[in-house]
Amino acid sequence: MTFLQPEILWALPLVALPVIIHLLNRLRHRPRAWAAMQFLRAANRSSTSHAKIKQWLILLFRTLAVLALVLFVARPLAGGWIGWALSPAPDAILIVLDRSPSMESKTVGGSATKRELALARLSEAARQFGESSHLILIENALREPQQIAGASALAGLSTTRPSDAAADLPAMLQTAFQWLVDNQAGASEIWIASDLQGSNWLPNDERWQSLVAQFEALPQPVRFRLLAFNEAEEANASISLNELARQTRSNRPELDLSFDIRRSDSGEETVIPIAVNVDGGGSQVEATLDGQSLRWRQRVGVAPESRGGWGSATLPDDGNSTDNTAYFVYGSDSEYSAVVVSSDDANARFFRFAAASRKDGKFNPARQVSQNEAATTDWETDSLIVWQASLPKGETAARVRRFVEEGGSAFFFPLTADDSGSFEGFSWGELEAAEDDETFTIESWDESEGPLSKTEEGLRLPLNELEAIKRRSFLGGEAVLAAYEDGRTFLSRKTIGRGQIYFCGTLPSDEWSTLGDGFSLVPMLRRAMREGGRRLNRETMLECGRLNAVDRAKAWTSVDSPEPKNILSQAGVYRNGDRIIAVNRPESEDDRTVMDADSATALFGDLSMKLWEEARSREDRSQGEIWRLVLSAMLAFLLLEAFLILPDSRPRGTAKEAIKS
Amino acid sequence: MVGRLMRQPLVTRLPMEGSVSGMHKSPHRGSSVEFAEYREYVPGDDLRRLDWRVFARSDRFYMKEFEADTNLRCHLVLDCSASMNFTGENTNRLDFAKRMAASLAYLAIQQGDAAGLNCIGGAKPFEIPARRNPAHLQIILDALEAAKPKGETKLTDILHELAEKIRRRALVVVISDFFCDIDELLSCLQHLRFQKHDLAVFQLLDPMELEFQFPRPVRFDDLEGPDSLVTEPAMIRDRYLEEINGFLDRLQQGCHEFAADYRRVTLDQDLEKVLSDFLTERAKAMSVSPV
């Protein structure tokens with residue numbers, strides 16, 4: 001038998017209390033001179049055995065009542081048939097509902113979304129426990145436990161409607177765990193309804209291990225049931241904003257918009273009509289999608305006098321209606337700047353000019369700081385860090401990481417000297433020099449997207465003309481963007497948060513390569529700068545569910561829709577006073593990589609996890625709370641004790657009454 | 001109180017044998033004014049009591065007999081054993097008994113009867129013979145005042161002795177708690193009745209002894225010995241009441257069988273009322289069915 005509050009068991013010595021009181025009472029006897037001893041002795045003699053048994057029984061029942069009281073407060077759990085028989089329903093059912101945009105997809109041939117299907121099945125299952133169990137809803141947008149009145153109310157709640165916030169399953173389960181701890185719930189079940197989207201479940205997240213350990217350490221049994229919707233979906237296309245920049249060209253302000261369009265089917269070339277709306281004015285544009293994804297660039301003119309506004313791009317309705325619109329807001333002309341962290345002036349000079357900013361029509365080379373200054377320098381308004389120094393450590397590394405997470409770009413170049421440090425999985429290797437009269441050349445690079453992609457006019461960067469005499473190998477990165485002829489990596493990228501880290505294996509100085517010619521270095525860094533401009537929009541372009549606590553407290557009104565919207569759970573454009581922000585579903589939601597059910601259940605380790613379809617077994621219900629039994633036992637003991645100490649109800653008058661009669 | 005009680009004389013339910021004339025019936029036929037019976041003349045009878053009128057009418061000799069009145073010898077037997085020293089909520093049992101004995105002695109002597117006192121047990125057992133002398137009352141009262149409770153009850157032995165010792169018919173009033181062996185007690189009461197004594201038995205009991213209500217454990221110290229008993233009264237109350245009620249019932253039944261006047265008195269009762277009832281009922285019994 002286990003207990004939900006085992007510390008109460010320290011009170012077990014209290015069971016001796018009735019015996020102690022009894023003994024003290026015996027010691028507190030009063031002396032009494034007595035004449036009728038012959039009757040007293042006779043009564044004592046004849047009633048000794050009976051009275052003693054009665055007395056011991058009374059003591060026993062009192063002791064057992066106290067014992068039952070202590071056990072009741074300690075909330076015992078019993079397994080096997082007892083637990084099942086006495087606690088057929090869990091004390092609490094926590095419904096962990098994924099209502100992220102991906103849950104709005106329809107299964108093939110179906111008319112209802114995954115979320116609607118999930119709600120229907122959850123309601124049906126919860127109906128049998130509605131009277132006996134607490135129903136708690138934890139959904140991904142607000143992630144606040146909400147007690148619901150009954151299973152039938154589930155579908156009607158605003159917190160079960162579609163949301164544009166991503167689901168963070170580890171965080172939702174952590175909320176569930178905290179609720180169990182805070183409310184000292186008894187035997188509980190956690191029902192998870194999700195499409196097993198990888199970006200929601202984060203199977204490689206370190207939190208899973210601690211979560212499993214925490215749930216295993218709980219005194220009460222917690223069982224998990226997974227309602228998975230990872231089957232095939234109806235054809236769907238999604239759109240998300242990649243970049244937004246306002247540029248004035250020939251005195252005409254324009255918005256350079258870059259959208260990522262993805263589709264689930266890898267079918268033929270398709271022309272997709274896209275409704276682009278800027279400041280209420282709409283236009284229909286067509287994009288040709290060949291393959292599964294497309295980075296679609298669009299330039300839209302805005303009124304010269306406009307100091308800011310908002311807009312959206314919308315795809316036609318398809319298998320998922322929540323990922324068809326991307327919202328944006330813009331301000332005045334975008335200005336990007338960079339900071340170069342280097343003590344190597346020869347190479348830093350190339351970086352400073354390549355990443356120069358343009359302000360008031362003049363080019364200003366990027367500022368250069370030393371590695372020591374990098375720990376404190378203000379890069380609040382910068383969008384790019386060019387790092388040619390020892391890899392950052394400690395607090396500086398954290399600052400750089402934060403910069404990237406906010407959307408900034410960080411470009412790392414090698415040192416002439418060896419560096420044994422590492423940063424975000426990257427580390428520099430050996431310095432290699434080409435043999436005499438030979439150079440390292442680039443053979444392949446990613447021309448579709450990234451800093452080495454083709455120009456807007458469709459022209460290729462002349463990377464094949466780049467010749468490197470020296471290069472430094474490196475490890476790390478998620479995607480190789482360019483590689484040498486011998487297969488070694490020239491440029492690699494890793495995404496952290498909203499931004500990217502790039503590692504390039506050579507330097508622009510003449511001793512190293514022809515990178516300093518600028519044909520590749522300049523577009524590479526300028527594109528990274530522009531990409532990092534997302535960081536500067538972090539106050540106005542938010543992911544749904546990422547609103548900070550200060551902004552959460554403010555009253556936001558929807559700009560893009562006449563209907564009221566909730567900024568915490570719905571994408572759109574919102575206004576608070578003069579401030580206007582665009583809220584979009586997280587990009588990760590467009591990554592429809594899903595896990596299989598076995599992989600999802602494996603994340604729960606040894607915890608009791610069953611798929612929804614698996615039949616409930618007796619074992620499932622083991623370790624039920626048996627406080628009702630203990631409470632009943634306590635009452636029974638008290639009743640028995642009361643019965644034993646009741647005066648005899650038989651009509652037996654005293655001798656005095658006999659005299660009077 | 002005694003003045004009020006004197007309105008009702010102390011009478012016996014049985015004929016008494018006294019040495020002087022008094023207000024009580026005598027077993028002997030005498031010359032009082034109260035007609036008793038006729039009986040045929042036998043030689044030797046006093047011719048003065050021959051009823052000539054009956055002879056004239058029936059030509060037979062009949063003797064006219066009258067009731068003889070005599071005085072009363074009242075022997076008060078007071079139990080002075082240690083158990084009489086019980087004090088309940090208010091009254092000490094021996095004090096109550098002393099007042100009762102003193103009242104009865106006063107009543108007897110005041111109406112010209114003889115009163116004596118036997119103090120059984122106690123520090124100094126004593127016996128005061130029954131006398132009519134008014135000065136004798138003071139002796140009894142002084143003896144009562146000096147009586148101290150002590151020792152075990154030897155009531156039955158003394159009562160047997162008394163039964164033999166009192167030769168003439170007398171009123172024997174025993175005042176005690178009678179906490180002794182019931183068979184022996186009934187035996188000696190029977191003995192007294194066998195000697196033709198009018199027997200009145202006052203059993204003095206405290207309400208506490210009859211109710212046995214104690215909320216907490218009590219150590220009962222025996223008044224007549226060194227023993228003590230620690231017990232939870234609530235646990236044995238039923239059995240105790242069964243025991244004491246059985247004893248009282250047997251005593252009452254026994255007295256009824258021997259025609260002894262049994263009176264159970266609780267110490268919270270009013271003494272005047274107890275004695276008044278005693279006197280009244282005896283007088284009533286006399287007038288209704290003279291024995």
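1. Start where the two chains meet. Strand β2 of chain A, residues 30-34, is joined to β8 of chain B by 5 bridges, and the two strands run parallel. One position to look up here is A:Trp34, which stands opposite B:Asp222 in β8(B). Keep in mind as you read that this is a predicted model.

2. Now the contact as a whole. Chain B puts in 32 residues and chain A puts in 31. On the side of chain B that touches chain A, the elements giving two or more residues are α7 (207-211), β8 (218-222), β9 (228-231), α8 (233-257) and β10 (261-266). Which of them gives the most? That's α8(B), with 11 residues. As for what this side of chain B is made of, you'll find 17 nonpolar, 4 polar and 11 charged residues.

3. Next, chain B taken by itself. Its secondary structure comes to 9 helices and 10 strands. Of its 291 residues, 43% are buried. If you take the contacts in chain B with a separation of 6 or more, 77% of them are between residues 24 or more positions apart.

4. A helix pair in chain B deserves a look: α3 (residues 93-110) and α4 (residues 134-146). They pack at an angle of about 175 degrees, and their axes are 10 Å apart. Why call them roughly antiparallel? Angles over 145 degrees count as roughly antiparallel, so α3(B) and α4(B) get that description.

5. Here is who meets whom in that pair. From α3(B) come B:Lys98, B:Ala101, B:Ala102, B:Ala105, B:Tyr106 and B:Ile109. They meet B:Pro134, B:His136, B:Leu137, B:Ile140, B:Leu141 and B:Leu144 in α4(B). Sorted by type, the residues of this contact are 10 nonpolar, 1 polar and 1 charged.

6. Over in chain A, have a look at an open sheet of 3 strands. Their order is β9-β10-β13, and the pairing is antiparallel. Which strands sit at the edges? Those are β9 (237-249) and β13 (293-301) of chain A, each of which pairs on one side only. Going from one strand to the next, the twist averages 20 degrees.

7. Strand β10 of chain A, residues 252-263, pairs with β13(A) in the antiparallel sense over 9 bridges. To find your place in it, look for A:Asp260, which stands opposite A:Arg295 in β13(A).

Key:
Residues numbered from 1 in each chain as written. Chains lettered and ligands numbered in written order. Predicted model: local features only at pLDDT ≥ 70, side-chain atom pairs only at ≥ 80, totals over all residues. Axes fitted to C-alpha atoms, helices over the stretch in contact; angles between N-to-C directions. Helix = DSSP H or I, 4+ residues; strand = E, 2+ residues; numbered from the N terminus. Parallel < 35°, antiparallel > 145°, perpendicular 65-115°, else oblique. Contact = placed C-beta atoms within 7 Å. Nonpolar A, V, L, I, M, F, W, Y, C, P; charged D, E, K, R; others polar. Pairing = 2+ DSSP bridges. Buried ≥ 20, exposed ≤ 12 C-beta atoms within 10 Å, placed from the backbone.
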